[in-house]
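I opened the model today to look up a few things. My notes follow in the order in which I took them.

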Amino acid sequence: MTILTRSAARHSASAITAALLTAGCGLLDTQQPNIIDPGTLNSPEAAQSLRNGALADFAFVKDGDGTQFTDGLILVAGLLSDEFVHSTTPPSEQEIDQRTTATINPSLSDVYRNLHKARAGAEVAAEALQTYLVDPTATTDIAEMQSIAGFTYVYFGEDFCSGVPFSSVRGDSITFGQPQTTVEMFTTALAKFDSALAQPGLAVDDGSITNLALLGRARALLDLGQYADAASAVAAVPTDFSYDTEHADSPQRLQNAIWSYTNGGLWSVSDAEGGNGLPYLSAEDPRVPADSLDDDGDGFADPGLDLITPQYSLGKYPDASSPVPVADGIEARLIEAEAQLQANNFSGMTTTLNDLRHTAIRPALPNLSSAGNREAAIDQLFSERAFWLYATGHRLGDMRRLIRVYGRDAETVFPTGAYHKNGTYGTDVNLPIPVEEQNNPNARGCLDRNA
Amino acid sequence: MATVLRRRFTICIPLLCATLILALPSAAAAQNGVVTGKVIDEAGGAPLEAARVVLSGTNLIETTNREGQYTFRGVAPGSYQLRVLRVGYRPATQQATVTEGQTVTLDFAMSAAPVQLDEIVSTATGEQRKLEIGNTVTTIDAAKVAEQAPITEFANLISGRAAGVQVLKSSGTTGTGTRIRIRGSNSISLSNEPLYYLDGVRLESGSSSSTLDIGGFGVDNPAGAGPSRINDINPDDIENIEIVKGPAAATLYGIQASNGVVRITTKHGTAGPPRWNLFSEIGAVSDNNTYPLNFAGRDTTADGIANGYDGFCSIQSELDGACIQTSVQSFQPLNEKATRPYKAGLRQMYGANVSGGGEQVTYFVSGSYENELGPFRLPQFEEDSIVAARGSVPDNQRRPNGLEKFGVRANVTAHASKSFDVDASLGFLTSNTRFIENDNSFLTVNGSGTASGYLPDFNRGWYFIPAELFAELATQAANRFTGGFTGNWRPTGWLTGRATVGYDVVNRTDVQFFPTGEVADYPSGPQSNRLGARSNNRFQISQTSVDLGASARFQLSPAIGSRTSVGGQFFRDLSRGAYASGRGLPAGSGTITGAQTTEARDTTLEARSIGSYVEEEVSLKQRLYLTGALRFDDNSAFGQNFDATVYPKASASWLISEEPFFHVRALNTLRFRAAYGASGQQPGTTDARRYYNAVAGKKGGVGTTGVSFGSLGNPDLKPERSREFEVGLDAGLFRDRVSVELTYYNKLTKDALVERDIAPSLGASRSQFVNLSRIRNRGFEAVLNARVIDKPSIAWDLSLSGSTTRNKILDLGAGVSPIFVGFYQRHQSGYPAGGFWAPTVSFNDANGDGIIDITEVSLSDSAVFRGSAIPTKEASLNSQLAIFSGRVVLGTQFDYRGGHLVDNSLEQFRCFAVQNCRGLYDKTAPLEEQALAQATFLPGGGNSVAFLEPGWFIKLRELSLTFEMPDRWAHAFRADRLSLTLAGRNLWTITDYSGVDPEVNAFAQDNFASSDFESQAQVRYWTARLNVGF
């Protein structure tokens, strides 16, 4: 509870006036139990509260809001990529799906702002833990917060255009950040993971935070094109490892919104969207379980809320409390496979992928045949990544890497041509920086819209 | 709780003065004469009730009773002037000489005059003649209006009766609220609603007082069209309403008064035997609107069906060769008799009041009961099917919208002595309102009817059928107490003091219930309401007000008079609420208990302010009045770095027609006036604070609690400051049969609070309040009142009022990028606040085939300013024709608004999102209609192409016919008076707007956002009202 107090009182001139002031003018104090004064957040307990808040905000932005008022990053990035098609009505969401996102798009603004909030919250929490914990060397929490912050930089780099600034608020001081290029964002992320891995508290780790930081490091390295380093970073991460954002049935803010959206007729699992998309439905792959209804018995899938788009609900997250991976051992193996691809060890890559198909899912998936050439190997690897990592916030970054690193043309990677609800697809390959960032005097919008 | 003393010398000196003045000993004087008499209408001889009789030099004022009688008792011997004043009549004056132990009888016959400067109005410093005030004040004779016009709620009393006052009713659904704007919008981010006082007590007047999620938009406004608390007031309890329009006039009301002040005075008793008034009103509420047809392009070929084009074969799809239009079909379930979910609802209202009293105590006690069923009704075929399945249909499902109110009021005035009286004003209301989903939702009948992509062979053309929509129960129960005690003290002929203590509290319970298995499957899937959901939110919202004031009048010389006033106020606004909800209910359950998931939270908001004023008025020969004043305010919501604020005021009023040199025959009254004043608007309770919020989380399978950055705050936050200059004249022509009131005002808001977006990269809140912008409102107001015919047997009064408002953001603030509002609205420097911005659509049927394909349509490169979202012009024509010596009165009100655009988002949505608008499918549709539909599918068009249309309209807002029955008829019922009024509301509309109704707003009572999107259009009322007086 916070009591709002006002500036120091002025001394009065006479006893009568003072009495009157006491009776009539000392009435401006109010009770505001709904807000928490930052000045009270200066204890070990408060530092833990900041950590818990940062984790909640991170889950909120990554996986969305069960109230369906705020779209999450996985949902928005999945919409722009080939993972989901829009099956409800708000035009602001549809334009993301259609690759024509405007900088005034409210869904874009929400996810951009909330991702920064999660980043800043994790950074502040890491500092508070370092400052206020009695023994900061005896906890993995600082490394965890630094890793979470690192992942937010990865998400910015993978999903947004070049030019995202990173600002900060510390006490009464506000620092507006300068725009970072895509490479700079990944480099910053890498530094965050390296800081996490250097935390002495990891000595007491059961492996989970170390693996989280290693996977984050590897992902940033992958984005920077340092494949061998990425593979070596995750070599020790077991395949069954997973660090998840956690969810619950209530409150709705804690619900898994990927479940909520895809099972509520808002987002539909796509199938070869815009010609170039992967066949998530027709492949009938158990890694992307999807289902539809035909209540009207017309032989076609019932539509989503827009009454136009056939609705295929995702079964990967079966309920509101389903956790969503941030990083897991499957991704570690996929990173190793990509390093093999980069080393032109196509058969080794396929072997790695097949090992995963045998060990990471039950019943096991049939083997893939060895890719005969580099392009086939690229297709194979990225398809496997897309199915394994479906709806975890990886696909948009991968599609951009297909263009940026592997030389594919954007119009052979992203959905293109006629849009399923009239009109045509645009040319976006990433999310722009929303117009609100112009309130940062250093902001320059997207430095470029390239992949 | 820590206590912090605030010492504000400047504020408290006037408070001290007021207290000391009030503490002066009473001067007892021997007073033993009586002055009595009767006041009648000169034309018909009817007694005039509520006329104010002023005994000059004593501060004594009496009000005539229904028989027109007044009495002053205990008047000290001497010579007096009696002046009788009444709204709508020319003042009358007589001399009286009182001697000890004798009764003087003076009767008055008053002649009608449209407007009088001698009229007494309430001001922040007490009661004053209009003549003394340098600004315009509109007075509405509410008692008369409520009796003779189709008044179904408080806002109707104001609508069309005051120039410069816009009453914007957002929806036709029974119980929904109203936006009221006086002289435009002053604030970008704070409320633009005026302040309300009832008998001196400040009222809670939330314009959308609800947490029911019945449509609306976004997290900030989930409630949709909630009720406006101001409509809690029973119009039949009101004697008059005074509207103080802007800072020039409202300075002394202090902080929050920059949007104007509405002062409501309820009826009070007069001495005499008990006099009863009963009324009974019965009527019908109906939807008479025509809704847009849903179009579908059929392609019944095998390929068309297989490829999903049957129903969606658009003009463009056919041009692209994707399908073949085998037919174009249209249907609208909202228009078809069999499927319409409308049927006239019954409106009933009954009330009684009694007033009277003796020499020491007078009283007015009233009670009323109101019951209104909205225009919605379950279609018969659906009722039949439910009855067949379940045996019966719950009333709330058959008629899902309605309200019930019961109110009582007791006003008691105790004349403790000749110099002191106490007035108690106590009102209680209990209401229950049943809402229907109203805006922006497939769960509205409008949304489900107009957004359906299906033809009548599925769901009878509905997206969701009315039986499912109406099974939802959304109710608000409110109990409201408004009480105030005012002490008036007149220790001498030159000094008056008053003290008012008031408390207004609303206890509100908002319950929303989706019975398991009975409501629409929305949102589909595991979150569906059909699985059962219930919320139960309880609020207590209160306002405490204390008002002290004193005035002293001196005659400094035979020509120069002085009036000095001091006073101070304290206000406390407190809102406490608790939210509880549950989803996933077992069938048959009607409680949150046992729900699959539950949530709870609570909220407390408190704001306090304290202020004082000092005012000096100097009069010269009772023709020229000069006033100067200062107001001091402080508030709990100001930033740490900001101290109290001071507002000045000055005005002049010159009755030039009384000057010896003035000789204009036809112009019998001419007054020039000018006023300047400043006022403010306080920030929100926590806007200045930097703070964190508590958030729930989960880690390691265990629930956690944490903190998350809530708001950046602003320690420099101060009130926004509006200053206004107004100048005008009042003229009476042809022996005051015609009156003209002209006013020009120019209002500038500086340091306007802007909820500016902050750079999201800060990782803080979405926005921050800063005192940055400057907004100007300026315009003209004109009122012409005329008694066109003035004969004993026939009288015709016309009142034409109108205003223009030009709103402009002069400067949004350095570094502030345009602020986006609603769908296509912006706050941007150099343009009206909340104006519409969108790219323009160009088209050219290049091949001349009468069809617009997508290549023939283009958008401008960027959004351009398209027009104001709020009417910039308004006018009303009120007419009252009284015949047979006033026995029959025909009243009409025409209401015009224009100079603005309406966003027909419903049609945009139908074209782009659900794809059932005519422009998509019908090749015979006008080219512009086709082009707009096509434009939504251009890159980015779905989110930027706005269907903006001129929003002007003229409505026959009111039509009434009142029969004042002959006395013998009344006497046959042992009554003194019997009248019958037949009235209609919203009867006829002229407009170019292609949507259903240019008045609705899916953003409900939002500050600026405006859109026609799935909201219930205005409905028609017909009522019959019987008034009986005993």
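This is a predicted model: local features need pLDDT of at least 70, side-chain atom pairs count only at pLDDT 80 or more; totals for chains, interfaces and linings use all residues.

Residues are numbered from 1 along each chain as its sequence is written, while chains are lettered from A and ligands numbered from 1 in the order in which they are written.

**Entry: B:D730**

Which residues does B:D730 touch, not counting residues up to four places away in sequence? I find B:L117, B:R671, B:S739 and B:E741. B:D730 sits in strand β35 (residues 720–733) of chain B. Helices (H or I, at least four residues) and strands (E, at least two) are DSSP runs, numbered from the N terminus. B:D730 has 24 other C-beta atoms within 10 Å, so I log it as buried. The cut-offs: buried if 20 or more other C-beta atoms lie within 10 Å of the residue's own, exposed if 12 or fewer, partly exposed in between, with C-beta atoms placed from the backbone. I also checked B:G272, which is 458 residues from B:D730 in sequence and 37 Å from it in space, C-alpha to C-alpha.

**Entry: B:V137**

B:V137 lies in strand β11 (residues 137–140) of chain B. Is B:V137 buried or partly exposed? It counts as partly exposed, because it has 19 C-beta neighbours inside 10 Å. Leaving out residues up to four places away in sequence, B:V137 touches B:V121, B:K130, B:E242, B:I243, B:V244 and B:A249. B:S722 is 585 residues from B:V137 in sequence, and 18 Å away in space, C-alpha to C-alpha.

**Entry: chain B overall**

I count 15 helices and 52 strands in chain B. Its C-alpha trace spans about 105 × 70 × 65 Å along the principal axes. For 1030 residues, a compact globule would have a radius of gyration near 31 Å; chain B has 30 Å, which agrees. That radius is taken over C-alpha atoms, and the globule rule is 2.2 Å times the number of residues to the power 0.38. Of the 1030 residues, 59% count as buried. Among contacts between residues at least 6 apart in sequence, 71% join residues at least 24 apart.

**Entry: α13 of chain B**

In helix α13 (residues 927–935) of chain B, the buried residues are B:Q930, B:A931, B:L932, B:A933, B:Q934 and B:A935. What covers them includes α6 (315–319), β43 (841–843) and α11 (905–912) of chain B.

**Entry: a helix pair in chain A**

Helix α6 (residues 141–159) and helix α7 (residues 182–197) of chain A pack at about 165 degrees, axes 8 Å apart. That makes α6(A) roughly antiparallel to α7(A). Angles under 35 degrees count as roughly parallel, over 145 as roughly antiparallel, 65 to 115 as roughly perpendicular and the rest as oblique. Axes are lines fitted to C-alpha atoms, for helices over the stretch in contact, and angles run from 0 to 180 degrees between N-to-C directions. The residues in this contact include A:Y153 and A:F156 of α6(A), and A:M185 and A:F193 of α7(A).

**Entry: chain A against chain B**

The contact takes 92 residues from chain A and 85 residues from chain B. On the chain A side, α2(A) gives the largest share, eight residues.

Conventions:
Two residues are in contact if their C-beta atoms, placed from the backbone, lie within 7 Å.
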